[in-house]
Amino acid sequence: MRFGHFDDEAREYVITTPHTPYPWINYLGSEEFFSLISHQAGGYSFYRDARLRRLTRYRYNNIPTDAGGRYLYVNDGGDVWTPSWLPVKADLDHFETRHGLGYTRITGERGGLRVSTLFFVPLGENAEVQKVTVTNTSGAAKSVKLFSFAEFCLWNAQDDQTNYQRNLSIGEVEVELDSPHGAAIYHKTEYRERRDHFAVYGVNAPVVGFDTDRDSFVGPYNSLGEAAVPFAGRATGSVASGWYPIASHALELELAPGESRDLVLVLGYVENPDEEKWADDAKQVINKSRAHELLGRFATSEQVDDAFEALRAYWTELLSTYAVHSGDEKLDRTINIWNQYQCMVTFNMSRSASYFETGIGRGMGFRDSNQDLLGFVHLVPERARERIIDIASTQFPDGSAYHQYQPLTKRGNNDIGSGFNDDPLWLIAGVAGYLRETGDFTILDEPVPFDNEPGTEVPLFEHLTRSFQFTLDNRGPHGLPLIGRADWNDCLNLNCFSTTPGESFQTTENKAGGVAESVFIAAQFVLYGTEYAEIAERRGLSDVAAQAREAVEEMREAILEHGWDGRWFLRAYDYFGNPIGTDAHPEGKIWIEPQGFAVMAGVGVGSGPDDVDSPAVKALDSVHEMLATDHGMVLQYPAYTSYQVHMGEVSTYPPGYKENGGIFCHNNPWVIIAETVVGRGGRAFDLFKRITPAYREDISEVHRLEPYVYAQMIAGKEAPRHGEAKNSWLTGTAAWTFVAASQYLLGVRPGWDGLIVDPQIGPEVPGYTVRRVARGATYEITVRNSGEPGARARLVVDGEPIEGNEVPYAPAGATVRIEATL
Ligand code: GLC
Ligand code: GLC
């Protein structure tokens, strides 16, 4: 069952009913100002940091769900409704939400009145623009009243939800009815004292009234759906003083039959330099000149249309870097539109703000952000460069890392734990991804501090060395890396032994162990240690490179010797030195992470798909047999049915959810890539389709979340709700599936010296073209594909056959034609 459809031409998903199984959301903004917006206009806005600079309120976990947003109430001759359906929930004659790339358009029609609003954050602006088009579709003249609504958050979203003894007394606003471009309401709580920023909500038309006090607008015992002012049809002119500041403009339109009118509303964030904070000597009135300039840039529909066109063009340009035409429309829309778009959003948000992440729980993750880079770096390499420097600046001198930093301050913190021993190696992954894409080796010479401490700067390359060395310095009895608090799997807590209810596994004190080892980190070391050696070599450090390669070989042997269970790779050794992920145990026999990652790293890879005795093929066959379901591959099997104190959080989830046997989508692409490594493209493509939302659209009633973006988890085969997704949008799945599909299935990936063309997608896609822009040159690639397992492409480049699969990078501006046949 579907709740809408893709419009690939427009690059939109069109939701045709408000009654989706869950709010289906979108993100506005791609630089510093962001908004979340659901298909029914729920959500909130913030500047840079969803925790520290929240502009508007949203109520997570509420009844009903999706409470709080930017709403426009209509009072049409006494008939009150909201075109976004929520919050009034009056039946609509027509409803449609179009989520596009960085914008959303919501249209509702009732009783011969159509209201359509385009929401977006213009490039280079710290504001959400809302262009409202009101059309009288009836045969008679109409006199319509409109009431806008936004509720302000008192900046720090966490404090806002907890510190009522203070916050209910500090709210302040200003109202400007004769603003140069219409009318505006200003939220200036704490501006009198230490803040240099305020929010503005303006409209480009004269108002007939306003409200800024929530109780006056809503009525103390009403829900937003029963808000007093729109039902009364009259604003009260309330001025907030403490309590709950809001902004509502009251407008009246006279519309002849068929007549249409535009209004522009702008919700903006403005900063004033300290010496320009005030308009008066008494320091009471905000200096609004910057706000007026902002509103002036969107005072007319034409200005808004131009800004919207610029946003559309920006995305057209970004997406031209990688585009496929395969004849499979689901594959094409995933690669060409939605997956790349999701990569941008995860790059911007990390795991901070979604409908599952409250924006106060987490900032930018060290591990997460490095991986997010892999799916983003081809889009805007300069921003990836800046991100790498930000992340590396939080590293400690011994190579270990804070698990996260706050985007506003860019300083690391321990709020969500520390001591995850996989973290350091992801920095090498991120930097290698950047170098392969850009060839910009100057980044390695950038001076980068440790823990943001001025004076400690060393070249970025030295940070990679510390990452590499950290793993070597922290090995256990089998020569495998110590796991620390956990590795990629946050919930595999082998040194934790928590028995206190509610205690966080991520932050609680760990036992000093020195025994618990991770086969996953070992595989990660083989993959990224090899990248490190390559980087060292290219810096002219042959000795360093040679030593690194030796260490990598040692690790490879340690995995094959101590990390192999007979039919698959072990997962870990616990605190007591016992194996985890072995056939000898009744539960948690086989775990996905080391299977995918080890094979991806080339560990145990034999001569190809027919080498059935190679560890790689055995491990992947075991994955297929024990972990694969129609909805993707579960993380481990069988799931734990009882609490395992020596394993920690993984066993706290009921079987089939999250890390306890859920389909934790992030690691599925590792297996997909691994399948291409052993030459089984057909199976890789099949596994890709099982988790990819566009292929799951027809079962939206089962999947329940957005059919246009990946979710972190789909409930596993042991869960009662098998197939149901959770935690959409912010997940490493976005970057990794883009890498898996674009670089391994379709097979076009940046090598060190040239573009590699190595398709492995199996017989279902007999031919396709890819357009890839890399280092300024354009590659037009045509693939003729037999889909034979194990077959590798022969390449003809501008008419000349070449040896191997790497096409040397052409100068910027060049166009290169590549024909690949396999
Ligand atoms: C979450 C975290 C990620 C972690 C994964 C597995 O997605 O953001 O860092 O690797 O869970 O536990
Ligand atoms: C829990 C989740 C995991 C997440 C971690 C950090 O452990 O299961 O997915 O990464 O919390 O927030």
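Reader: How are helices α7 and α9 oriented relative to each other, roughly parallel or roughly antiparallel?

Author: Two packed helices are described by the angle between their axes and by the distance between those axes. In this predicted model, the axes of helix α7 (residues 329–349) and helix α9 (residues 381–392) come within 12 Å and cross at roughly 30°. Angles under 35 degrees count as roughly parallel, and α7 and α9 are therefore roughly parallel to each other.

Reader: What is the handedness of the crossing in which α7 passes α9?

Author: The crossing of α7 past α9 is left-handed.

Reader: Which residues of α7 and α9 meet?

Author: From α7, the residues are M344, F347 and N348, and they meet R383, A384 and R387 of α9. Sorted by class, this contact of α7 with α9 has three nonpolar residues, one polar residue and two charged residues.

Reader: Which residue of β42 stands opposite G754?

Author: The residue opposite G754 is P808 in β42. Strand β42 (residues 806–808) is joined to β37 by three bridges, and the two strands run antiparallel.

Reader: What is the strand order in the open sheet of three strands?

Author: The order is β33-β34-β35, and the pairing is antiparallel. The edge strands are β33 (663–664) and β35 (725–728), each of which pairs on one side only. Strand β34 (residues 711–714) pairs with β35 in the antiparallel sense over three bridges. As an example of how to read one bridge, I714 has A725 in β35 as its partner.

Reader: How many aromatic pairs does a search of the whole structure find?

Author: A pair of aromatic rings is described by the distance of the centres and the angle of the planes. The search of the whole structure finds 54 aromatic pairs. One of them is formed by Y47 and Y269, with 4.0 Å from centre to centre and 10° between the planes, and this pair is stacked.

Reader: Where in the chain do Y47 and Y269 lie?

Author: Y47 lies in strand β5 (residues 45–47), whereas Y269 lies in strand β19 (residues 260–271). The two residues are 222 residues apart, and the pair links distant parts of the chain.

Key
Residues are numbered from 1 along each chain as its sequence is written. Chains are lettered from A and ligands numbered from 1 in the order in which they are written. This is a predicted model: local features need pLDDT of at least 70, side-chain atom pairs count only at pLDDT 80 or more; totals for chains, interfaces and linings use all residues. Side-chain values use heavy atoms; hydrogens and water are left out. Axes are lines fitted to C-alpha atoms, for helices over the stretch in contact, and angles run from 0 to 180 degrees between N-to-C directions. Helices (H or I, at least four residues) and strands (E, at least two) are DSSP runs, numbered from the N terminus. Angles under 35 degrees count as roughly parallel, over 145 as roughly antiparallel, 65 to 115 as roughly perpendicular and the rest as oblique. A crossing is left-handed if the near helix is turned anticlockwise from the far one by less than a right angle, and right-handed if clockwise. Contact means heavy atoms within 4.5 Å. Ala, Val, Leu, Ile, Met, Phe, Trp, Tyr, Cys and Pro count as nonpolar, Asp, Glu, Lys and Arg as charged, and the others, Gly among them, as polar. Two strands pair if DSSP finds at least two bridges between them. Rings of Phe, Tyr and Trp (its six-membered ring) pair if their centres lie within 6.5 Å; planes under 30 degrees apart count as stacked, over 60 as edge-to-face and the rest as tilted.
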